[in-house]
Amino acid sequence: MEGKQYSECQIQNFEDSKVAVTEKDPIMRIKQPGDEIQEGMHGCEEKTTSETKSWSTGFLVNMESTVAEIDCVSIGVSSNDIDLSVLHPDSSSLPIMASLSEADDEESELHTWKKLGFEPTLPICLKFEDVTYKVPVKGEKTPDANKYILHGITGLVHPGEVLALMGPSGGGKTTLLNLLSGRIKLDSGTITYNNQPYSKSLKWRIGFVLQDDVAFPHLTVKETLTYAALLRLPNTLTMQQKKERATYVISELGLERCQNTVIGGTFFRGISGGERKRVCIANEILLNPSLLLLDEPTSGLDSTTALQIVKMLRNIARSGKTVVTTIHQPSSRLFSKFDKLILLGKGSSLYFGKASDAMLYFSSMGCSPLIAMNPAEFLIDLANGNIKDKSVPSDLEDKFFPRNNSLDMKHGELSQVDVHEYLVEAYAVKEAKLGKTKLIKPLLIDAEPRMKARSSTMEWGATWWDQFSILFRRGLKERRHEYFSCIRITQVFSTAIVMGLLWWRSDASSPKGLQDQAGLLFFISVFWAFFPMFTAIFTFPQERVMLAKERSVGMYRLSAYLLARMTSDLPLDLILPLVFLVIVYLMAGLKSTFTAFSLTMLTVFLSVVAAQGLGLTIGAAFMDVKKASTMASVIIMTSMLSGGFFIQKVPVFMSWVRYISFTYHTYRLLLKIHYGCSTGLDAESGSSCKSPFKGLRLDWDGMEVGTMVAMTVGYRILAYAFLRRMKLMTIN
Ligand SMILES: Nc1ncnc2c1ncn2[C@@H]1O[C@H](COP(=O)(O)OP(=O)(O)OP(=O)(O)O)[C@@H](O)[C@H]1O
């Protein structure tokens, strides 16, 4: 097949997608009789003059019939994009192509895709040359002990193309993708976007779909995408336009059927895996990125769903975007959808070029499948150094074996390392022969002025207030299940009823009864400090990944998020204590005046928000539920013991502890509300208010309230500072 696999076709007229094709080199051999049926690949390189567009194409199609030759390839064309299908100048002799109907489907999909009312995308030509990345080896003392994850990777992808990064697990695909996205810094080599290095302005133009992308499990697909649109799309669009964009993307990605279904999580079902991947892609597509990077968008999906996703990516690319995706084990049909391919093995490049040429490249060095094999399987095998069921290149044989060994013996003896080394060397020779500059000669795209022009206007998608209100609404929706969570409600109800029964109609007129009631008030202080604190501890560690992801794409300000998060939690945090107190109050017979009840309620609210602040701070400081809860239990113990109920006479050097204990302040406030300022002067304490408790002043001085308010605010400021630090750690 060598030498004849390209045809030069010129398009002279492309009205209504009808094209006239003039063939300069009419023979393109697709399949020779007796060959295994090969599944299709295509690639194209566009050359544009003022009058005509021409492509040199390499194109193989699925063929059910045994056809020796086909004269030409081509072309469904619209003004900006090309979509290849197979035609023959003499349609009467056109063989039945398995892929024809599929091409028609894609054409119509492409057509609808292009109707997207998005602003034109800035085309990005991504070029990377000699990209090397290494990490220090842990435990090695010498500064030079590094593990090379990528060695000198070179490649190029144009707008309109899909570049696949393929290779075995651990080959370095994700690392390369991260480098291309600007998330991590390369050690040597260059990565350019329209011949410019990475800059902050590009952040808005690059969409990155992570391998295990995260989404809020309790939001529906529509809610997820609408909130993302409201927060991420530029301020120049109205709220209505942003919502319309979300709706449009939902329909374009075929998510209408599941738009009202929740995303789902570990313990409850939501949308399917394929739908989830599409939601993640939709999340990035919303922004109309110029460069879309995807890490394993098809992993865990069945072959039909995976094919749908890759077709969609191809259509996205055809609408003017540059798409780079990692892929594990594509089927041959799926493989045929890629324009370019980089085959990585142990961090080295084994092939870069048109996906359709990959098999030819390896066969040109004498390495072809000996049995029927999916091209992707063949390539992954090679990248793993597995030469079984493949012809062994003579150079490889000569290099590693004496001339008189039999072939079978040789197969047995060839190690994966030998094969890998040979392929790396062979590719380096090819690169040297072709010259890297030729291999990665980019199309000239004069995008610099446009790149600069929009960079400053894309800072925040919404004003601070809008961000706050959107995040507040999203928080309410995401946690609506918690508001009606049976576990929490049962916990509070049952504790209240048990307490009410234990202190049933308690009487504070006797010293013993008074002591019992003080115990009840102390328990209320403890419960409404620890319950909200423990709930708050989980907030940031649980949302850490989501927060880091959303902040890394500049979705909102941290202050807007923090305030929205705190306020959207308040309804539940205030309703539950209210219900609790009503039950306890009625059953336990506490001071039955409206003022006493209202003040008790306010005190408990204050305790809840202060304790919540501490919980948030601990969570933000550790960002790890286990560490945070260990720390919290120590604080709780200290706070409870120094609360003033168990011990009155604390050693002087430990007396300060009580002032940072909110149990202490809450307890004292409750005592003051219920027993303070009864009559006369307290002889023992010298206070103007007579206290029924020995040595305890119960006159109002505002100290407890002041301290609790200071804690409420102070802890939140601390939490903010810790979250800011997390931002520095996780986001470039
Ligand atoms: N920060 C790091 N420190 C140490 N090793 C790392 C680091 N990042 C990546 N690696 C190693 O580099 C290699 C390539 O990792 P990478 O995640 O890029 O592979 P991959 O091809 O994407 O694999 P998979 O297909 O399984 O996701 C792996 O061996 C990985 O353990």
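A residue is taken as buried if 20 or more other C-beta atoms lie within 10 Å of its own, as exposed if 12 or fewer do, and as partly exposed in between, with C-beta atoms placed from the backbone. By this criterion, 41% of the 732 residues of the protein are buried. The model is predicted: local features require pLDDT of at least 70, side-chain atom pairs count only at pLDDT 80 or more, and totals for chains, interfaces and linings use all residues. Residue numbers start from 1 along each chain as its sequence is written.

The protein has 24 helices and 15 strands. These are DSSP runs numbered from the N terminus, helices being H or I with at least four residues and strands E with at least two. Contacts are pairs of residues whose C-beta atoms, placed from the backbone, lie within 7 Å. Among contacts between residues at least 6 apart in sequence, 73% join residues at least 24 apart.

The ligand is surrounded by Val135, Lys147, Ile149, Gly167, Ser169, Gly170, Gly171, Gly172, Lys173, Thr174 and Thr175. This shell comprises 2 nonpolar, 7 polar and 2 charged residues. Here Ala, Val, Leu, Ile, Met, Phe, Trp, Tyr, Cys and Pro count as nonpolar, Asp, Glu, Lys and Arg as charged, and the others, Gly among them, as polar. β8 (146-157) and α2 (173-181) each supply at least two shell residues. α2 gives the most, with 3.

Helix α2 is largely enclosed by the rest of the structure, because 7 of its 9 residues are buried. They are Lys173, Thr175, Leu176, Leu177, Leu179, Leu180 and Ser181. Just after α2, Gly182 takes a positive phi of about 85 degrees.

Pro297 sits in the loop between β12 (291-294) and α6 (303-318). Pro297 has 25 C-beta neighbours inside 10 Å and therefore counts as buried. Not counting residues up to four places away in sequence, Pro297 touches Val209, Lys277, Ile281, Ile309 and Thr325. The C-alpha atoms of Pro297 and Lys277 are 6.4 Å apart, although 20 residues separate the two along the chain.

A helix pair is formed by α21 (residues 594-622) and α23 (residues 662-675), whose axes come within 10 Å and cross at roughly 175 degrees. α21 is therefore roughly antiparallel to α23. Ala596, Leu599, Thr600, Thr603, Ser607, Ala610 and Ala611 in α21 meet Phe662, Thr666, Leu669, Leu670, Ile673 and His674 in α23. This contact involves 8 nonpolar, 5 polar and no charged residues. Axes are lines fitted to C-alpha atoms, for helices over the stretch in contact, with angles from 0 to 180 degrees between N-to-C directions. Angles over 145 degrees count as roughly antiparallel, under 35 as roughly parallel, 65 to 115 as roughly perpendicular and the rest as oblique.

Key: Near = placed C-beta within 6 Å. Contact = placed C-beta atoms within 7 Å.
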